[in-house]
Amino acid sequence: MQNNLRVVTLDGPAGVGKTTLAKRVAQELSIAYLDTGAMFRIFGWKFGKSAQNMSEKELEDHIAQYTFSLSGIGFDSVLSVNGAPVGDEIRTEEVAALASSVAKLPAVRNALKRVQREISTQTSLVAEGRDMGSVVFPTAKYKFFLDATAEERGARRFNQLQEMGKEADLDRIIEQIKERDLQDRTRTIAPLVAAKDAHIIDTTHLDIDGVFNSIMNFFD
Ligand code: C5P
């Protein structure tokens with residue numbers, strides 16, 4: 001990696017507010033924002049449950065048909081797949097669950113790790129995900145891990161959906177968050193875990209501004 005490029009990692013469980021914060025931090029630092037969850041969602045959406053029955057080779061052949069690129073800075077960052085910006089079709093709980101299940105597969109993880117590292121050789125970025133600080137960018141200088149109880153994360157998502165005028169069931173949302181936590185924290189490869197040298201921020205009792213300020217305090 002070129003020395004003048006920097007990588008900030010921001011990891012944590014589903015619904016902790018990573019996306020909002022990662023975009024805002026990227027904007028403040030005038031660097032790109034990389035949503036690595038979207039990459040896993042793309043494969044979850046494209047391959048579905050059948051991915052679990054594919055051989056390593058088959059999966060690699062499927063994966064080879066997709067190229068990712070990142071352009072823009074901060075809020076205007078755009079992740080594209082095969083030249084087209086990733087759209088809202090991947091932003092459903094069904095696709096999230098599929099993403100979480102393909103995220104266990106070594107072929108998927110290895111391919112995306114390579115792509116994520118490759119992107120970081122072209123631009124400075126804030127990388128949001130589950131294993132950015134622990135596995136993909138172990139030497140990043142700035143690493144953050146956000147956490148909050150599943151109940152708090154569920155309540156935040158519930159409020160977001162209500163604000164958008166969408167129907168929501170709080171108990172079901174908390175249940176889905178707990179299921180995804182369990183999958184993400186207990187998988188064998190690259191489980192969701194804070195890197196040893198990450199700054200851990202418990203956001204349960206903080207609002208977005210509070211978390212943003214505590215992150216920005218770490219920068220020179
Ligand atoms: O962050 P997001 O909710 O979009 O991620 C969807 C799923 O993709 C996660 O639940 C997780 O299983 C997987 N993921 C991952 N590693 C990453 C980013 C996401 O395993 N770096």
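This is a predicted model: local features need pLDDT of at least 70, side-chain atom pairs count only at pLDDT 80 or more; totals for chains, interfaces and linings use all residues.
**Entry 1: the shell.** I started by listing what sits around the ligand. I got 15 residues, and the closest are Arg 41, Asp 131, Arg 180, Asp 184 and Arg 187. Sorted by type, the shell has seven charged residues, four polar and four nonpolar.

**Entry 2: polar distances.** Next I looked up side-chain N or O atoms against the ligand oxygens. Arg 41 has one at 2.6 Å from a ligand oxygen. For Asp 184 I also read 2.6 Å, again between a side-chain N or O atom and an oxygen of the ligand. Ser 100 puts a polar side-chain atom 3.4 Å from a ligand oxygen. Then I checked the cover: the ligand exposes 460 Å² when taken alone, and the protein buries 96% of that.

**Entry 3: who supplies the shell.** Which elements give two or more residues to it? I found helix H2 (36–47), helix H4 (93–102) and helix H8 (170–186). H2 gives the most, with four residues.

**Entry 4: a look at H4.** I wanted to know why H4 counts as largely enclosed by the rest of the structure. The reason is in the burial count: seven of its 10 residues are buried, so the rest of the structure largely encloses it. I wrote down the buried ones as Val 95, Ala 96, Leu 98, Ala 99, Ser 100, Ser 101 and Val 102. As for what covers the buried residues of H4, I noted H2, helix H5 (106–120) and H8 among the elements.

Terms used:
Residues are numbered from 1 along each chain as its sequence is written. Side-chain values use heavy atoms; hydrogens and water are left out. A residue is near a molecule or strand if one of its heavy atoms lies within 4 Å of it. A polar contact is a pair of N or O atoms within 3.5 Å; within protein, one must be able to donate a hydrogen and the other to accept it, and residues adjacent in sequence count only if both atoms are side-chain atoms. Accessible areas come from the Shrake-Rupley method with a 1.4 Å probe; for residues, only the protein chains shown count as cover. Ala, Val, Leu, Ile, Met, Phe, Trp, Tyr, Cys and Pro count as nonpolar, Asp, Glu, Lys and Arg as charged, and the others, Gly among them, as polar. Buried means under 20% relative accessible area, exposed over 50%, partly exposed in between (1.4 Å probe, protein chains only). Contact means heavy atoms within 4.5 Å.
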